[in-house]
Amino acid sequence: MTAQDLRAFWQHGADEAWKTVEALLEKERYAHALYFCHLVLEKLLKARYVEKHGKPAPPTHDLVWLLDQSELTLTDEDRGTLAEIAKFNIAGRYEDYKLELHRWATADYANMWAERTATLRSKLR
């Protein structure tokens with residue numbers, strides 16, 4: 001698989017994950033939507049990593065690290081948003097954290113983070 005193929009793979013995955021965010025919000029599955037917000041950004045950052053380095057992205061879920069390795073410039077606010085969204089990865093994977101995530105994953109909260117994800121998605125594409 002070429003670097004171009006890998007980049008397209010990650011971008012397609014990000015597009016599919018975004019469709020899932022939208023569907024989960026519509027079905028009021030807010031905690032899961034937040035987890036997929038993380039996946040959208042992770043996949044886009046991995047596409048940018050491949051673009052920068054010409055090789056597969058490492059198996060990490062650390063959004064800020066991927067951003068730094070891709071040598072992209074975002075605002076401090078955007079970096080902070082990435083750091084916050086990164087927390088949804090852990091919260092979405094482990095049962096004890098999932099329970100906590102379900103408590104505060106309201107419609108307003110999930111929609112706010114989905115909007116922030118959409119903004120970053122535009123910048124990373």
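Guide: The charged end of Arg 116 sits over the ring of Trp 113, 4.6 Å from the ring centre; a charge counts as over a ring if NZ of Lys or CZ of Arg is within 6 Å of the ring centre and within 35 degrees of the ring normal. This is a predicted model, where local features need pLDDT of at least 70, side-chain atom pairs count only at pLDDT 80 or more, and totals for chains, interfaces and linings use all residues. Residues are numbered from 1 along each chain as its sequence is written, and side-chain values use heavy atoms, leaving out hydrogens and water.

Trp 113 also belongs to a cluster with Phe 88 and Tyr 109, linked by ring pairs. Rings of Phe, Tyr and Trp (its six-membered ring) pair if their centres lie within 6.5 Å; planes under 30 degrees apart are stacked, over 60 edge-to-face, and the rest tilted.

In helix H6, Trp 113 is buried, as are Ala 110, Ala 114, Thr 117, Leu 120, Arg 121 and Leu 124. Buried means under 20% relative accessible area, exposed over 50%, and partly exposed in between (1.4 Å probe, protein chains only). Seen down the axis of H6, the buried residues fall within an arc of 125°, so they line one face; the arc is taken from the directions from the helix axis to the C-beta atoms. An α-helix has 3.6 residues a turn, so residues three or four places apart point the same way. On the other side of H6, Asp 108, Glu 115 and Ser 122 are exposed.

Methods. Helices (H or I, at least four residues) and strands (E, at least two) are DSSP runs, numbered from the N terminus.
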